[in-house]
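Try each task yourself before you read its solution.

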Amino acid sequence: MSDVLFTVENLEVSYGSIAALKGISLEVHRGEIVTILGANGAGKTTTMRTISQLLKAKSGSIRFKGQELTKVPAHKIVKLGISHSPEGRRVFGVLTVEENLLLGAYTRAKVNPKTLRWIYEMFPRLEERRKQLAGTLSGGEQQMLAIGRALMSDPEMVLLDEPSLGIAPILVKAIFEQIKEISRQGVTVLLVEQNAKAALKLADRGYVLEVGKIALAGSSAELLASDKVQEAYLGKKQ
Amino acid sequence: METFLQQLANGLTIGSMFALVALGYTMVYGVMRLINFAHGDMVAAAAFVGLTVYTQVMGQATSLFAVVAIFLLTAGLMACVGVILERVAYRPLRTAPRLSAVVSALGASLVIQNGIMLIWGPRMRIFPELVPQQFWNFGGVVISLIQVLILVISLVLMVALYLFIEKTRMGAAIRASSIDQDAARLMGINVNSIIALIFIIGSSLGAIGGLFIGLYYRGITFNMGWQYGLYAFIAAILGGIGNIPGAMLGGMLLGLFSAFISGYVSSTWADAFTFMLLIFILIVRPTGLLGERVAEKV
């Protein structure tokens, strides 16, 4: 667990004159599931988008396997081994399920049939509907597709941005079980969530983000027990 | 019946030229949400470039090889111009408000149009007779070799483009970029290269359209891009802008419609009726014939 795969140091990002991230630092070890918790507007999605270089950092550094990412253009990030299942799923609606998955392997010379098989085994719904247009899937199925698409490049680390957003509770459970499976297959997971309880049950460690700053960090057990998390996210009054 | 068949042949010919040009509008719009107003003038420029390639490079040869070479050279040159146009006029404004890009497109249109006038002069030039004047008479219906060539080559190009877009990895990347550029980047797609590719394809198809216009109508003027560009633009809207098969269908329908109006009513009314058709389609089906209803992104 001491093998540091990914680090963020003093990352600052702003939208015009508004600071969204005010110097956050975090690290992820190989094989871990790390979660970033926080309310709306805390900067969770901004963090994810900056890691993928869809947003450019104002200052600070992001390193993956020692390589600085802040100078790399967004379309080259996947090839380095980080893929991103974005907030709101962003599947290609007028393309079929299978076309979406194949685009996930766009940077690969050839689609890895084992990976495709594995994704279909995790999410059998996707295989049943592979010829269907992605836009006709339910929200939960689209989320499965977004996660599957992100896995198609055989990444070392996958960024999952709010996979539970707007999805029926029963599907959330199914998706979270598969995130565990993804981790078991050796993919490191960085998970952004508002659903703190579910995320902490799954994750090894977590960070709590509050208005652009890390307010709290620790193991999942520590965070679950902390007053702050209890109060702010799990609805327990003192 | 004779009039019908004659106008059908004429309509298919001009329709395929409209369709080739309309593809340039629709592909650029699909990925960039921008009407490239300079496209019509690029088409006009292609006819003049073709003229010069014929006189200066090919030494006025009209062998099959020479004609093919004129088409390929012109299409290649116009593809380069298209890529430069995107770099200079559109890329710097990628994140600017949309109106800025539209103004830039109108400016580029004027620059190209006046550029043609400065290089080739303000008077009408006659496009060379690259294809023999051969006609077939089917019981009163006259069809020329040029018409057959225009129709066949256009259809082949359109089918090839359709297969490229629908069946290849690169085609899927183009479709993905037109749906969601950020999500496309997350897949590792270099959206800038895709946009350059769109301009290469659109400009070279437009160039072939421009050469066809020269072959078919013979007289070419520096400002003809405005007229043909407008027709093709209407064709793209008619089929559903952003939709590639839509541009093909829209072009063909527009060509047939204007030919039948010319044949049965009067050619002076063709433009008026064409615009009435456009207004009618926009009222009945604002997204065009094959356009998808654009769903709001969640």
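A crossing of two helices is called left-handed if the near helix is turned anticlockwise from the far one by less than a right angle, and right-handed if clockwise. The model is predicted, so local features need pLDDT of at least 70 and side-chain atom pairs count only at pLDDT 80 or more, while totals for chains, interfaces and linings use all residues. Residues are numbered from 1 along each chain as its sequence is written, and chains are lettered from A and ligands numbered from 1 in the order in which they are written.

**Exercise 1.** Describe how α3(A) passes α6(A).

Solution. 
- Step 1: find helix α3 (residues 97-104) and helix α6 (residues 139-151) of chain A. Helices (H or I, at least four residues) and strands (E, at least two) are DSSP runs, numbered from the N terminus.
- Step 2: look at the axes, which come within 7 Å and cross at roughly 35°. Axes are lines fitted to C-alpha atoms, for helices over the stretch in contact, and angles run from 0 to 180 degrees between N-to-C directions.
- Step 3: name the hand; the crossing of α3(A) with α6(A) is right-handed.
- Step 4: list the residues in contact (C-beta atoms, placed from the backbone, within 7 Å). From α3(A) they are V97(A), N100(A), L101(A), L103(A) and G104(A), and from α6(A) they are L145(A), G148(A), R149(A) and A150(A).

**Exercise 2.** Compare the radius of gyration of chain A with that of a compact globule.

Solution. 
- Step 1: recall that this radius is taken over C-alpha atoms, and that the globule rule is 2.2 Å times the number of residues to the power 0.38.
- Step 2: for 238 residues the rule gives a value near 18 Å, and chain A has 17 Å, which agrees.
- Step 3: check the box along the principal axes, which is roughly 50 × 40 × 35 Å for the C-alpha atoms of chain A.
- Step 4: count the elements of chain A: ten helices and ten strands.

**Exercise 3.** Which elements give two or more residues to the side of chain B that touches chain A?

Solution. 
- Step 1: the contact takes 18 residues from chain B and 20 residues from chain A.
- Step 2: the elements are α6 (169-179) and α7 (181-186) of chain B.
- Step 3: α6(B) gives the most, with six residues.

**Exercise 4.** Find the contacts of A232(B), leaving aside its neighbours within four places in sequence.

Solution. 
- Step 1: select A232(B) in chain B.
- Step 2: its partners are F18(B), V21(B), A22(B), Y25(B), G40(B) and G251(B).

Definitions and conventions
Contact = placed C-beta atoms within 7 Å.
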